[in-house]
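The questions below ask what makes each word apply.

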Amino acid sequence: MDFRTPIQIPRSDIPITHSSQLLLLGSCFSGHIGGQLMLHKFRVEVNPFGFLYNPLSISRSIRRLLSAVPFTEAELVFHNGLYHSFMHHGQFSDIGKSGCLRKISDRFESAADAIRTTTLFLITFGTAHAYRWKESGEIVGNCHQIPADRFLPVRLSVNEIVEDWIEVIGSLKEENPGVRFLFTVSPVRHWKDGAHGNQLSKSILHLAIDSLQQCFPDDVRYFPAYELMMDELRDYRFYGSDMMHPSPLAVEYIWERFSETFFSEETRKVNAEWSQIRNGLDHRPLHPGTESFHIFKAQLLQKLELFAARHPEISCEEEKNLLQLK
């Protein structure tokens, strides 16, 4: 007897390898998958603006990366002792303008350099609910706890999202005709919108992605992270303490299904091989000065060098340097 409703996911026709250039944008679920990709040594940029939740803020960030126009002091707002950017998550905020801009530019420059060579965009939509800054009318990526009466809450429509993203995808394909797009809907519920409001919001996102798949049948795909969480992992043991976010166990399961969908057998073997090396790199000895630890380090360095020689598309220089410093 099966006590689950398994989601059948066919093997994708968009393979992800360690030679792929990936850019992830969107909600915290992008951070979860992006973190796993980084751990497994994929070439990836993850959320260079921090977590973004509504589709128009995500598309705006892509336009800004394509323009490569740096951020300026005039674009910052000051509230509660910190300078903020409405296009960025609070992790970029700072007590000084220069500090805020430095955090922004560090991530912005590398992502702007990477965007034209990106082969696959992984986009996670979190909510169709958004907020307009009344002073300018712009949709903001984060309100930074500024009083609500200075914003206009809106619920984006399917047509708004689709029209906006048709334009963005077209711009990206002009720069790189071979680029592909993988969309997901975040399984994290936005409970402040209410149970019914959350369902309406997620439905809008699903319909918008489905329309984009119809508009770009060769280039747009969908991964059912939302369905995996809602249908396969329906027990609260798969949620964090807030009962909203996936637990580490749930993230690991969704990562396994993601791997089955997009990685070849060869790529999965490389991941397994790297995981063994990473476990060795993470090892913290009780007695680092012993002969046995020096032998362990030498053997690990040899494994690392052999791995790097077999897989020249994977950079291991940082790990080699760290190991030599231990």
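**Two positions and their surroundings**

Q: Where is the place of V179?
A: V179 sits in the loop between helix 4 (158-175) and strand 8 (180-185). Helices (H or I, at least four residues) and strands (E, at least two) are DSSP runs numbered from the N terminus. The model is predicted: local features need pLDDT of at least 70 and side-chain atom pairs pLDDT 80 or more, while totals for chains, interfaces and linings use all residues. Residues are numbered from 1 along each chain as its sequence is written, and side-chain values use heavy atoms, with hydrogens and water left out.

Q: Why is V179 called buried?
A: Buried means under 20% relative accessible area, exposed means over 50%, and partly exposed is in between (1.4 Å probe, protein chains only). V179 has a relative accessible area of 1%, so V179 is buried.

Q: Which residues does V179 touch, not counting those up to four places away in sequence?
A: V179 touches T118, T119, L120, F121, L172, K173 and D219, where contact means heavy atoms within 4.5 Å. T119 is 60 residues from V179 along the chain, and their C-alpha atoms are separated by 4.7 Å.

Q: What makes F151 count as buried?
A: F151, in strand 7 (residues 151-155), has a relative accessibility of 4% and therefore counts as buried. With residues up to four places away in sequence set aside, F151 touches F86, Y131, R132, W133, K134, V140, C143 and I146.

Q: Which residues of helix 2 and helix 4 meet?
A: From helix 2 there are P55, L56, I58, S59, I62, R63 and L66, and from helix 4 there are E160, I161, D164, W165, E167, V168, S171, L172 and E175. By class, the residues of this contact are nine nonpolar, two polar and five charged. Ala, Val, Leu, Ile, Met, Phe, Trp, Tyr, Cys and Pro count as nonpolar, Asp, Glu, Lys and Arg as charged, and the others, Gly among them, as polar.

Q: Why are helix 8 and helix 9 called roughly antiparallel?
A: Helix 8 (residues 265-282) and helix 9 (residues 291-310) pack at about 150 degrees, with axes 10 Å apart. That angle puts the pair in the roughly antiparallel class.

Q: What makes the crossing of helix 8 and helix 9 left-handed?
A: A crossing is left-handed if the near helix is turned anticlockwise from the far one by less than a right angle, and right-handed if clockwise. Helix 8 passes helix 9 in the left-handed way.

**Salt bridges**

Q: What makes R221 and D13 a salt bridge?
A: A salt bridge is a side-chain nitrogen of Lys or Arg within 4 Å of a carboxyl oxygen of Asp or Glu. The side chains of R221 and D13 meet at 2.8 Å, N to O. R221 lies in strand 9 (residues 220-222) and D13 in the segment before strand 1 (21-26), so the pair ties together parts that are 208 residues apart in sequence. R221 is buried at 18%, whereas D13 is partly exposed at 47%.

Q: Why does the pair of E45 and R107 tie together parts that are apart in sequence?
A: E45 forms a salt bridge with R107, with the closest N and O atoms 3.8 Å apart. E45 is in strand 2 (residues 43-46) and R107 in helix 3 (residues 97-115), so the parts joined are 62 residues apart in sequence. E45 counts as buried at 13% relative accessibility, and R107 as partly exposed at 24%.

Q: How many salt bridges does a search of the whole structure find?
A: The search finds 18.

Methods: Axes fitted to C-alpha atoms, helices over the stretch in contact; angles between N-to-C directions. Parallel < 35°, antiparallel > 145°, perpendicular 65-115°, else oblique.
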